[in-house]
Amino acid sequence: MQSRMKRILTGLAALVIAAIIWLPCLHLLFARPLSAFRQDPGLSPKASQLAARQLQLWTEPALREQELKKMRASNAEWDFMGRSYLVWSLANMALRDPPSKQLYLQTMDQIIDETLRLEKQEGMYFFLMPYAKERHYLVQPAHSLFLDGEIALMLASRRMIEEKPEYKPLLTERINAIVGRLQKSPRMMLESYPDECWMFDHCVALDAIKLADYLDDSDHSALIRGWMAMAKQKLVDPKSGLLISSFTTDGTPLAGPEGSSIWMVAHCLQLLDEDFARDQYQRARKELGEITLGFGYAHEWPKSWKGEANIDSGPIIPGFEISAGSSGMAFIGASTFSDGKFLRSLATTLDFAGFPSRTGGRLKYCASNQVGDAALLYAATLGPLWQKLKAGTKP
Amino acid sequence: MITKFWQGLGPFRRAEFLSPRDLLQRAGAISVLFLAVHLAGLREFTSVLNGTIGSVAAGWKLSGFLALIYILLYLAFVILVPVLVLAATLLVVWQRFRRKKEKSSP
């Protein structure tokens, strides 16, 4: 009996010692050099593999249909955002990989044309969540800045790579509509859903305006400055100093600072107000970003804000409070601000818990979906488009 | 012939609880189970982690259940299996060390 007890205790002690040795080493199984995820210049191996899978979805309609059906069962927005992130990625890839530029442009045009056709044919609600129909938009005729901003940025990104005359009036029309509504709005806050405005959508739309100014020699710098001043004054959470993610048309906060929004917001702000963008990234990194035992991840809310898991945050893993949505978008923030340590640790987590699946040189993450993979591709390729605008090189 | 067959099955016979062989048997069982669910394609269902259904045909409940099985076995494979193997190695080293000490003591 004593010998049995002794054996069990020795066994348990061995298990504890083994766990103490193994757990800090676990990340080494999944850690890769940063260049595996992001390379400057050129395309990293992961970017190429993710892109190959995304391009395959646009050459095989049956496969695309299957992927979209799964995403639309949860959220029709993902169908739309998957298109936006892929177009923005392809624009950056065209600058990183000039020999493949024509293939990328062809796919960008295919995506843009199909998106515009669906918007025209099915109406704007096709890409919105069902609750958009539950109330009336305060400003009539109804427009969603979510759609207008992202479509405008898709059109502008495409034209930044190579002019396409057919897209010029489409972009001008979309930009004029956004600018007109911003000028008419007493607080410069536009709806994405009925009386629901999103920081993410405003920042994307302002980037599109900035790109359109560059492309078509217009000047909306005063409007952008005015909007930034308003946001800093009215839309910052006083405790964390982070921009809140959603608000009503009179500026009442709906949701506080959210990881699924702020990382992309900081990225977009880089074109609008570089110092403020860096400030927001650094605050988000401090409040939301974590590295534990070599694995990087992000929370959805700062400690000072209590929130419930939602469609944007994805399921929250209790204990560590890991948000899939925030962790995925953190790649974009870390990549934008060249935070190599955080980016590498996020990539380690992705290979550990994202369940990569490779076939024929194509990569997808099973724990992700098409929009998630497209956002990762964007994080792995972003940079050249913004740099081109800043450098002032015309297409 | 029969004796040889039983000797061949030695590694699979039930070992004493928390003995090195017991730990290795558990590590082996987890690895086999994980390999089975992996080859069965259950990895595809892990998309439920971001709120996307694994398969529209299978529905949410079944997709979630299959994802849970895959994730638990995967975590057991990458976290528990190395710990079990390492612990078995530590026990073997410890036992050899003790035996050596006992032999050398007067």
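Trainee: How much of the contact in chain A with a separation of 6 or more comes from residues 24 or more positions apart?
Mentor: In this predicted model, residues 24 or more positions apart account for 70% of those contacts in chain A.

Trainee: And what percentage of the residues count as buried?
Mentor: Of the 395 residues in chain A, 49% count as buried.

Trainee: How many helices and strands are there in chain A?
Mentor: Chain A has 15 helices and 9 strands. Its radius of gyration is 22 Å, close to the 21 Å that the globule rule gives for 395 residues, so chain A is as compact as a globular protein of that length.

Trainee: What does the C-alpha trace span along its principal axes?
Mentor: For chain A, the span is about 85 × 50 × 40 Å.

Trainee: Let us turn to helix packing. How is a pair of packed helices described?
Mentor: One gives the angle between the two axes and the distance between them.

Trainee: At what angle do α5(A) and α6(A) cross, then?
Mentor: Helix α5 (residues 101-122) and helix α6 (residues 145-161) of chain A cross at roughly 155°, and their axes come within 11 Å. The angle is over 145 degrees, which means that α5(A) is roughly antiparallel to α6(A). The crossing is left-handed.

Trainee: Which residues meet there?
Mentor: From α5(A), the residues are K101(A), L105(A), M108(A), I112(A), T115(A) and E119(A). They meet L147(A), I151(A), M154(A), L155(A), R158(A) and I161(A) of α6(A). By class, this contact has 8 nonpolar, 1 polar and 3 charged residues.

Trainee: How far apart are the axes of α6(A) and α7(A)?
Mentor: The axes of α6(A) and helix α7 (residues 167-184) of chain A are 9 Å apart, and the two helices pack at an angle of about 145°. Their crossing is left-handed.

Trainee: What residues make that contact?
Mentor: On α6(A), they include L145(A), D148(A), I151(A), L155(A) and R158(A). On α7(A), Y167(A), L170(A), R174(A) and I178(A) are among them. The class count for this contact is 11 nonpolar, 1 polar and 4 charged residues.

Notes:
Residues numbered from 1 in each chain as written. Chains lettered and ligands numbered in written order. Predicted model: local features only at pLDDT ≥ 70, side-chain atom pairs only at ≥ 80, totals over all residues. Helix = DSSP H or I, 4+ residues; strand = E, 2+ residues; numbered from the N terminus. Rg over C-alpha atoms; globule rule 2.2 N^0.38 Å. Buried ≥ 20, exposed ≤ 12 C-beta atoms within 10 Å, placed from the backbone. Contact = placed C-beta atoms within 7 Å. Axes fitted to C-alpha atoms, helices over the stretch in contact; angles between N-to-C directions. Parallel < 35°, antiparallel > 145°, perpendicular 65-115°, else oblique. Left-handed = near helix turned anticlockwise from the far one by under 90°. Nonpolar A, V, L, I, M, F, W, Y, C, P; charged D, E, K, R; others polar.
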